[in-house]
Every structure is written in C-alpha cells, then in structure tokens.
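Student: I would like to learn how to read a model like this one, feature by feature. Please start with the ligand.

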Amino acid sequence: MNIAIHGLGYVGTVLLAYLSSLGHFVNGYDVDESKTELLSRGHSPFSEPGVEELLTTHRYSYSVYSSSPGSLNKVKATFICVGTPYRHPEGLDYSYITRCIDTICLHAQVNPQLYCSPHPIFIRSTIDALFYNRLTRYYNAAYPDHPAEFFFVAFPEFLREGSALEDITDTGSLNIYFSPAYQSLVSSILSDLFPGHNTIPTSLSAATSIKMVSNSWHALKVAFTNEVSRVLHSSGLDSADVFRVFALDHKLNISSAYMKPGFAFGGSCLPKDLNGLVSLGRTNGIDTPLLSSTLASNPNYINDVISEMEAQSFDSLYMYGLSFKEGTDDLRNSPFLKIALHFCQSKSVFIYDKCLSESSARNAASRSAYMSLGSAGDSMQSLADFKYALSKATARDVFVVCHKLPAELIEMIASLPPFTIFPLGNRLPGTLPQSQVTFV
Ligand SMILES: NC(=O)c1ccc[n+]([C@@H]2O[C@H](COP(=O)([O-])OP(=O)(O)OC[C@H]3O[C@@H](n4cnc5c(N)ncnc54)[C@H](O)[C@@H]3O)[C@@H](O)[C@H]2O)c1
C-alpha cells in the first residue's frame with residue numbers, strides 16, 4: 001500500500017521504518033532538512049533501538065522530502081505525526097497539524113492523482129476533541145472544493161521512546177481510533193498496516209483524550225510513588241517493599257477499581273488513611289503536596305453540586321441513598337449526607353436509603369446523623385413513605401440519585417412532572433425517560 005507520513009520525528013520515523021519493513025511504500029515529509037537528509041541515506045535522525053537497521057534494510061521502500069509532494073501516486077492513507085508542543089499558558093500548539101493539511105490539499109490540487117479518494121488522514125499527533133472538530137471545520141472552510149475526499153481519523157500513538165519498535169509491533173498494545181465515516185475502509189486499511197493488532201473503533205472522546213489521560217495518570221503514579229516513598233523513608237521504612245506488595249493486589253490497586261467517573265469519596269477508610277499519611281509526612285518534615293491536594297480536591301465535587309442545586313432554587317429535595325456506599329448503613333464521611341445536611345434546615349428533604357431506612361439496628365454514628373437531619377431523618381421510614389412523598393413532587397423539585405434506582409422508582413419518575421435530577425455517582429439507568437427529567 002502507498003502511504004504518506006507528515007512529520008519524521010520519533011513517531012513518524014518509527015512508523016516509516018515499521019511500515020517499510022512490512023512491504024508498504026512510504027512518502028515521508030518533514031520541514032527539517034537535516035532529518036530528511038539522514039533518512040535519505042538510511043540513517044535514523046535519532047537513537048532508537050532497531051530503527052536504523054530497519055531503515056537501512058528497507059531503504060528502497062520509502063522516499064523522504066522536505067518540500068515536493070513525493071514520487072508516489074495513489075497514496076491510500078496519510079499519517080500526521082508532527083509535534084504538538086505545549087505553550088504556556090495557551091495549551092498545546094496544533095498549528096503544525098493545520099500546516100500539514102494545507103500542504104496535503106495544495107499537493108492534491110496540483111496533482112489529483114496523488115491521493116486515493118475518499119482518503120483517511122490519520123492524526124497520530126496528540127490532540128484534543130475541540131481541535132479535532134476545529135480541524136474538520138477548517139478543512140471544509142479553507143478547501144470547499146475538496147481536492148480529494150479527505151476525512152480525519154483520530155488515531156493516538158502510545159509508543160514509548162526506548163522501546164518504540166517493540167511497542168508498535170506489539171499486537172497486544174492498545175490500538176484505538178475514531179473515524180467519522182467510511183468505517184470499513186478505515187478498518188481494512190488499519191488491519192493491513194497493523195496485522196494481528198486488536199485495533200478497535202472508539203468514540204471521539206476516547207480517541208482524543210486517552211493519550212493525555214494516560215500520560216497524566218502515569219505522571220500521577222510516579223509522583224504518588226515518590227511522594228509516599230519519601231514519607232515512608234522518613235520513618236525508616238522500606239518503600240520498595242511496600243510498593244512491591246502494593247502492586248500484587250490486582251483487584252483494587254492495579255486495576256480499574258475506583259476509576260468510574262462519579263462523585264466524591266467518603267467512608268471511614270479513604271479520608272482517614274489519607275490524612276494519616278499526610279500527618280506522618282508532616283511529623284517527619286516531609287511535604288506532601290500531592291496527597292494533601294487529593295484531600296483538598298474532594299470537597300470541590302460536593303460544593304459544586306450544592307452550588308448547582310442552589311442555582312435551581314427548588315422547593316423540595318428527594319434523595320435516593322444516603323450512606324457513603326450502597327448496601328451499607330455507614331454514614332461516616334458520606335458526601336451524600338453532607339448534601340442532605342446542607343439543605344435540611346431550609347428545604348423539605350425526603351430521603352430513602354434501603355439499608356438505613358429499613359434496618360432496625362442503626363449504628364451509633366448513623367443515629368447521630370439522623371438527629372442532625374431533623375425532620376428529614378424522620379422522613380426516612382420506608383420505600384412506601386418515600387414514594388408517597390415523591391408522588392407530590394412538582395417541576396420545582398429536585399431529585400438527587402446517590403444509589404442505584406430500583407425499577408419501581410424509575411417507572412414512577414416517568415409518570416411524574418419533569419423535574420431536575422442530579423445523577424451523582426453515575427447511577428442513573430439508561431432506561432430513565434430522558435424527556436421527563438433535566439439532568440445536571
Ligand atoms: N515521542 C513520543 O514518545 C510520542 C509518543 C506518542 C505520541 N507522541 C505525539 O506524537 C507527536 C509527534 O511527537 P514526536 O516526539 O515524534 O515529535 P518530534 O518533535 O520528534 O517530531 C515532530 C516532527 O514534525 C516535523 N514537522 C513540524 N511541522 C511540520 C510540517 N508542517 N510538515 C512536516 N513536518 C513537520 C518537525 O520538523 C519534527 O521533525 C506529538 O503530538 C507527540 O505528543 C509522541
């Protein structure tokens with residue numbers, strides 16, 4: 001297959017070496033002549049294990065240019081691998097990508113044979129969704145005559161310098177893309193270029209955000225491990241051994257547990273143990289900005305929801321669920337309780353929580369929370385009472401969903417006048433009639 005690559009830095013050169021080695025023909029472009037000069041002699045512009053060997057062996061499978069459109073016609077797919085450097089304070093600079101689109105379109109206007117049409121332009125550079133949409137608008141506005149039927153596929157690159165070839169050939173690695181059109185064309189091109197890889201289509205959100213989210217997560221893990229290690233070292237403890245054991249737990253520690261977008265954390269353990277580690281650091285004179293800001297970030301979610309609710313100037317508040325975790329009667333540090341407490345003096349508040357409302361053995365901590373809730377606590381008798389109260393709801397009321405709604409309540413909500421629902425913790429079932437409620 002004939003391929004074009006724009007940008008021959010780490011990402012572009014590794015891709016060029018990899019695709020040439022599979023027997024494809026590649027036109028490579030880079031504005032930096034020093035790179036194209038080296039590549040034209042079969043040398044890599046940077047040191048990366050195995051890349052130079054592939055370039056030398058497959059030298060006649062690629063051509064490199066710094067200005068002309070290249071020698072290949074009927075190019076079937078184009079890859080954009082130019083830099084997207086961070087500029088402070090504006091953010092990532094995407095201007096190199098836009099410049100590439102100009103180059104591609106101008107080349108296509110001069111030589112209509114150059115690109116097969118429709119023609120996917122795979123963006124391997126790191127971009128966000130706003131830029132993706134802006135790029136599409138830019139292309140449509142600047143090139144209304146569409147020199148070829150170009151469309152943009154967000155195709156993030158995950159290779160790591162130092163093991164780039166290993167990563168690009170690893171069929172077990174994550175290969176995701178978002179294409180707005182021509183799904184079967186894109187899928188067949190990608191399976192030819194990345195044979196044996198599990199290459200899967202995703203949403204625009206995932207394809208454009210995943211790279212920044214993954215790298216921020218990696219940076220967070222490094223900073224977390226180092227900060228905690230300093231605290232442990234300051235008490236004479238072996239942090240390497242602690243993290244070795246920590247990483248053995250694949251159920252909660254090294255896993256997707258706790259990675260579902262939702263609401264603030266609570267309960268007795270997370271806030272307490274986090275506070276414990278921060279105070280151990282403080283005692284030993286170790287600054288813990290990351291751990292401390294984790295504590296500081298949690299109330300933000302609660303305060304934001306309270307502000308959004310206040311902005312509704314509602315009459316009554318209905319809450320489904322109150323304990324920090326569904327299926328328990330533990331109210332310690334429950335973020336939902338904080339919301340109830342905030343409104344219980346000024347509004348009519350009706351709460352139902354399966355474990356708390358129907359359990360006769362309320363624990364001591366819960367009992368004192370009930371007391372502070374006043375009449376809202378008294379209202380927590382049974383599901384039947386809650387349903388009776390809910391049957392009187394008007395459009396001026398709000399419903400905060402903290403735990404998973406049972407089918408009978410979903411049905412009931414569908415028959416009520418529309419009111420605002422706060423789906424905290426992402427606990428709303430897809431079956432809830434969207435037309436009936438305003439989601440916040
Ligand atoms: N380096 C990595 O490990 C890595 C991994 C995954 C993703 N990425 C992302 O891939 C993109 C490229 O990264 P990189 O490390 O290869 O960058 P790089 O700076 O090494 O290479 C970018 C190349 O693009 C060239 N270029 C700039 N404008 C051009 C234009 N208009 N036409 C043709 N060439 C042009 C530059 O001369 C340079 O050689 C970035 O968005 C980066 O975030 C990088």
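Predicted model: local features only at pLDDT ≥ 70, side-chain atom pairs only at ≥ 80, totals over all residues.

Student: Which residues come nearest to the ligand?

Tutor: A residue is near a molecule if its C-beta atom, placed from the backbone, lies within 6 Å of it. Here 25 residues are around the ligand, and Gly-7, Gly-9, Val-11, Gly-83 and Ser-125 come nearest. Residues are numbered from 1 along each chain as its sequence is written.

Student: How do the residues of that shell divide into nonpolar, polar and charged?

Tutor: Ala, Val, Leu, Ile, Met, Phe, Trp, Tyr, Cys and Pro count as nonpolar, Asp, Glu, Lys and Arg as charged, and the others, Gly among them, as polar. The shell around the ligand has 10 nonpolar, 8 polar and 7 charged residues.

Student: How many bridges link β2 and β3?

Tutor: Strand β2 (residues 25-29) pairs with β3 in the parallel sense over 4 bridges. Within this pair, Gly-28 stands opposite Val-64 in β3. In a regular strand the side chains alternate between the two faces of the sheet.

Student: Is strand β12 mostly covered or mostly uncovered?

Tutor: Burial is a count of other C-beta atoms within 10 Å of a residue's own, placed from the backbone: 20 or more is buried, 12 or fewer is exposed, and in between is partly exposed. Strand β12 (residues 348-352) is mostly covered, with 4 of its 5 residues buried. It runs parallel to β11 (residues 316-320), and 5 bridges join the two. Leu-317 stands opposite Val-349 in β12. Over the 440 residues of the protein chain, 32% count as buried.

Student: What is the radius of gyration of the protein chain?

Tutor: The radius is taken over C-alpha atoms, and the globule rule is 2.2 Å times the number of residues to the power 0.38. The protein chain has 28 Å, whereas a compact globule of 440 residues would be near 22 Å. Its C-alpha trace spans about 80 × 60 × 40 Å along the principal axes.

Student: Which peptide bonds are cis?

Tutor: A cis bond is read from omega. The bond joining His-88 and Pro-89 is cis, with omega about 0°, and Pro-89 is in the loop between β5 (86-87) and β6 (91-92). The bond from Ser-117 to Pro-118 is also cis, with omega near 0°; Pro-118 lies in the loop between α4 and β7 (119-123).

Student: Where does Tyr-182 lie, and what is its phi?

Tutor: Tyr-182 lies in the loop between β9 (175-177) and α7 (183-193). Its phi is near 50°, a positive value in a residue other than glycine. Tyr-182 counts as partly exposed because 16 other C-beta atoms lie within 10 Å.

Notes. Pairing = 2+ DSSP bridges.
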